Amino acid sequence: QNNVPGNLPHRRVVDVDDMQGQVSETPFVPNVRAATSQDAAFLQEMLTIAADWRPGAPVRPVAEVIREPALAHYVIGGPRYGDFGFVAALDHPLGAAWCRLFPAHDPGYGFVDEATPEVSIGVRAEARGRGVGTSLLTALVREAGRRGLAALSLSIEPDNPAVRLYERLGFQIVDQPAARSR
């Protein structure tokens, strides 16, 4: 994760029941479908976009990102029990969002507890600001509710423009962790 000194990520969590009324009934992207094991390479690509989100920053090759254990565990070995996600597409895939449970001994950056899935999301640059992220997160929240999950979590750096999206959808800061080595 690209942390800037003094600009540590915040863990955020949303109560799934409280958020349901705030979620749009009409996704902006006409094709949001459940992710399958066939989407593994695309999820890896979206992980690189999520990891290297800063405007103007080069997006590293997938192989380089996957060599980092702290990032690889978001996509490698999936889908695992409890994983779920969605892919948004028009003529081609535009973005993906997925959830994964992590154990306390191998937490993700947004780890809250072993019962709260952590969200990962990536949207291609040409599709940002067009409702793709909203559509993907809406699908995740609905699926989380269908599965009886109480909350979803994520990690985001405070200067990431996507903070507004998460706030709009009801994600709240639960803590700001100290710097962690991985």
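In these legends, Ala, Val, Leu, Ile, Met, Phe, Trp, Tyr, Cys and Pro count as nonpolar, Asp, Glu, Lys and Arg as charged, and the others, Gly among them, as polar. Keep in mind that every view shows a predicted model.

**View 1. The largest pocket and what lines it.** With a volume of about 820 Å³, this pocket has a lining of 35 residues. If you want to find its centre, look for Ile121, Ile156, Asn160, Ala162 and Tyr166, the lining residues that lie nearest to it. Sorted by class, the lining comes out as 20 nonpolar, 9 polar and 6 charged residues. At least two residues each come from H2, S5, helix H5 (132-146), strand S6 (151-156) and helix H6 (163-168). S5 gives the largest share, with 6 residues.

**View 2. The second largest pocket, with a volume of about 230 Å³.** Here 17 residues make up the lining, and Thr36, Leu43, Gly78, Pro79 and Asp83 sit closest to the centre. H2, S3 and S4 are the elements that put two or more residues into this lining. The class count is 9 nonpolar, 5 polar and 3 charged residues.

**View 3. Helix H2 and its cover.** H2 runs over residues 40-51, so to speak a 12-residue helix by the DSSP runs. From first C-alpha to last it reaches 16 Å, close to the 16 Å expected at 1.5 Å a residue. Its buried residues are Phe42, Leu43, Met46, Leu47, Thr48, Ile49 and Ala51. An α-helix has 3.6 residues a turn, so residues three or four places apart point the same way.

**View 4. The largest nonpolar core, 27 residues in all.** Leu136, Leu137, Leu140, Leu152 and Tyr166 have the most contacts inside this core.

**View 5. Zooming in on Leu136.** Leaving aside residues up to four places away in sequence, Leu136 touches Val32, Phe86, Val87, Ala88, Gly95, Ala96, Ala97, Ile121 and Val123. One of these, Ile121, also turns up among the residues nearest the centre of the largest pocket.

**View 6. A second, separate core.** This one has 17 residues, including Met46, Ile49, Leu71 and Trp98. Met46 and Ile49 are also on the list of buried residues of H2.

Methods:
Residues are numbered from 1 along each chain as its sequence is written. This is a predicted model: local features need pLDDT of at least 70, side-chain atom pairs count only at pLDDT 80 or more; totals for chains, interfaces and linings use all residues. Side-chain values use heavy atoms; hydrogens and water are left out. Helices (H or I, at least four residues) and strands (E, at least two) are DSSP runs, numbered from the N terminus. The expected span of a helix is 1.5 Å times one less than its number of residues. Buried means under 20% relative accessible area, exposed over 50%, partly exposed in between (1.4 Å probe, protein chains only). Contact means heavy atoms within 4.5 Å. On a 1 Å grid over the protein atoms alone, a cavity is a set of points where a 1.4 Å probe fits but cannot get out, and a pocket is an open set with protein on both sides within 12 Å along at least five of seven lines; lining residues have an atom within 4 Å of a point. Grid points are joined across faces, edges and corners, and a volume is the space filled by probe spheres set on the points. A nonpolar core is a set of buried Ala, Val, Leu, Ile, Met, Phe, Trp, Tyr and Cys residues joined through side-chain atoms within 4.5 Å.
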